[in-house]
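Trainee: I am new to this structure. Please take one part of it and go through that part closely, step by step.

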Amino acid sequence: MAIHRDIAEALQKAAKRRHRDTALRKEAQKNALLAEDYHTLQQQLNSTQFIQPLDAATTKSNIYYIKKRFIRFCQANKHAHWRTSLQPRYSDKGFIMTFLHWICETYLQKRRKKSKKKTVNQYWRDFKMLYRRCNKGQVVNPNHCEEIRKYINTELKEKFDLDDQPGAKPVLSVDDLLLGLTHHWSRDRSVFPTEDDRLDLPTIMLFQAYTACRPAELVDGTKCRAASDPMLDDCDREDAGGSERAADDKLARGCKQQPRNPSPPNRSMKQKRKSTIKSGYESESDTDSDLDDPIFDGVDETDDGESDGDGDEDDSDEDDTTDTEYSDVANEDVEMLPPEPDPYQPTATMEQDEDKDIIRLHKALCYEDIVLWIVRDPNKGGRDVLAMEVFFRHHKGVDNKPKPTIFLFRENPLPILCPISHILARAIRDDAVDVGGFSHAAPFFSTKIGRAATKVNWKTSMLKTPIFRRSVRTTAGAWEKSTTDPMKYSAYAFYLDRIGSDLGSEDKWTSYCMRRGNANALLKVAPNPVVDQVMRHDPMTGCLANAYLNRRVGFNTQDAYLERDPSADGLTKAFSHMSIRCNPEVPREIPKAELAKLPPDPEVVELTREVKQTAIRLRQQYGFIKSAPVDEKVKYQRRRCDLRNAEKTFKEDMTKEYQEAYRRRMHNEELERQLSGTAVEEKAEPSVEHQLPERTYLQPILCDFSTDMGFEEMTGRKIRAIDGMVRLARCREGHPRAFVDFDASRYGFRFARGKARAGSRYRLGRDTNVEIDERGAVERLDGLTNAITKLDEMREPPDEFHEATSKLSRTQPRSCGSWR
């Protein structure tokens, strides 16, 4: 009997893989240790005092950052080398206390926001991990630990006014989720790099709300320092792939270059002992560069490039559900540029032999983790239904205590709440279905299968591909969806926080709001073992009660004490969640006119003066800033970056005060209106006109919450929603332009006559757009940069002008900018 071609090809590949594995296994057997080798290995293992533990990625990052701060401490206070200072005879109780005092004085005291005591505890915990690894397993004296703990709780807490109260733990209910999704699809005016991101964001939110998974199980939550050994010095740290450029840089810094060629496994026993005892970590390429794009203006960066996060040496009972102040920034590297290719690390784009398996490169949800099923009609007269199994494997502590979990998803009558519809749209958009013809949604809902269930297989080339991928810049400057790199957690956190800000929420929207919401919902209906399985917690640890319970009691204790029936009157549910404290009328930011009326920030004034003086000095000495030496330009750019950060911080602080005062005035006006007897004016729902017709088509479909319709109508609505999301994901929405009148002659800005295209608009740099009238003169500008607004104070064109005109000359060969 002839078999299908697909089966024959699968058998051929399986046979090749088996033969290859057999050859490798026989080769390994030839290199087996002999009796004397085992004796030598035993002696080597006995002489090894400490084997480095298998640390999680977050733990590696935290150790690296505490080591970085400790090196600064040793240099600032004229101590010995950091490894020498960490030795037990030098690192005594007073030395550690002074280090923690220096941490508070250097990093925490300068913050405007009141720091938490748990931040210092986190520093102390990370220092103990660094101490243990540097001293070959030796721990800090337990008596010293107790004294240091009391020192933190008393002297440091009082001197630096540390806050020991737990942070807010808001809970996102189904009503809050529906409010956020409705805003995202219908009222959100924000621009995404690609509309693929607009499709991915609600899909991730639905997965988190339904499974209580952590965001790192869906997107890339690794940090830039999580791949290498944190105990290596910077001069000894090789690039992730051992590239030639990294080796040249190390030689330029005067560091000794280590041999890069690994020893083959069939060499001498000496080389075997090295590979056995040496503690190393697998390196992953994460050399992505940051892009200064206005889409991600909410992500702050510092000179350290460090990020917030709680690190655990092991998968402890505590959970990192709250935002700590351990680092200097709130979110880490929204990296949108493709990483530099690494010749020593396999990538998904490399050509691989047919008999070799595709390598999974990222710890994120991939297509192989999702199994889509078409189940035979259970109602005998309707249609076949869709079901989906999702396998979550990259949970917290997976390296030490794996707890893989599989969740089953069902269809939801509302497309906006149906995760299967979103995944189908994503799969159709990626052309991931193995069988041809399923390029739209209708075939999935018109099947009449003859067996109990049929699996929808993905293409083999897509199995290791992350489902939620980030947007990257092309060589032409446009945005497109990456084919291999997963979305960064920082980008997802930014999008989620933006939804909460647009809704005027008093609480910050984070990914753990949905995780807490699922946990609190399960506690009402599911037994404790099921809750622990969903949350990936060990039983009887108390982690759920300590970190996830809603601090707003979700029970009518008043009626219970009065011996009445504590019936659900709606108030308890409303006040225990977030939506009642959301008001879209609250402005997103303080108006510019009101901000201009405030007294200037002294720090901004001082930095502005320094930037201006530095610019004048560089122009006087070198003619142009770009002609200055590299170190001078770096200092100048750093001052400008500090100025931008100071201006942004001042604006954010004033925005928070403005929003709080606005909410207070809004409630007071409502009370005054009630006292005066003024009738409440019903405000019409503001209409939002979208740029893309695909989004206008999709909005009424997803925002239709009616369920009293026929089965065929409900299926048709779901099909239209999926096809609409696929069409929308293929589009790209541009930034809206708001032109303002501008007198170009006042600033001495003109275009050479005859070289500017009449009636056209040109883009100078990143923030300035020029519109040319029919006579070829500058008519209007939008997005005025500091270079344009400060021209009255300068007689010479700033560097931004030259950079802008050079960009214009490259993009528009027939146009030219000049300075009069």
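**The sheet and the helix across it**

Mentor: Strand 2 (residues 385–392) and strand 3 are paired in the antiparallel sense, over 6 bridges. The model is a predicted one. Within this part, Val 390 stands opposite Phe 407 in strand 3.

The two strands belong to an open sheet of 4 strands, whose order is 3-2-1-4 and whose pairing is antiparallel. Strand 3 (405–410) is an edge strand of the sheet, and so is strand 4 (453–456); each of these pairs on one side only. On average, neighbouring strands of the sheet are turned by 25° against each other, direction ignored. As background, the strands of a sheet pair through backbone hydrogen bonds, in either a parallel or an antiparallel way.

Next comes the helix. Helix 9 lies across strand 2 and strand 3, and runs at about 110° to strand 3.

Helix 9 also has a helix partner. The axes of helix 9 (residues 195–211) and helix 13 (residues 489–502) come within 11 Å and cross at roughly 85°. Angles of 65 to 115 degrees count as roughly perpendicular, so helix 9 is roughly perpendicular to helix 13. On the side of helix 9, the contact is made by Asp 197, Leu 201, Ile 204, Met 205 and Gln 208. Helix 13 contributes Tyr 492, Tyr 495, Leu 496 and Ile 499. Sorted by class, this contact of helix 9 with helix 13 has 7 nonpolar residues, 1 polar and 1 charged.

To put the part together: helix 9 lies across strand 2 and strand 3, and the axis of helix 9 crosses that of helix 13 at roughly 85°.

How values were computed
Residues numbered from 1 in each chain as written. Predicted model: local features only at pLDDT ≥ 70, side-chain atom pairs only at ≥ 80, totals over all residues. Heavy atoms only, no water. Axes fitted to C-alpha atoms, helices over the stretch in contact; angles between N-to-C directions. Parallel < 35°, antiparallel > 145°, perpendicular 65-115°, else oblique. Contact = heavy atoms within 4.5 Å. Nonpolar A, V, L, I, M, F, W, Y, C, P; charged D, E, K, R; others polar. Pairing = 2+ DSSP bridges.
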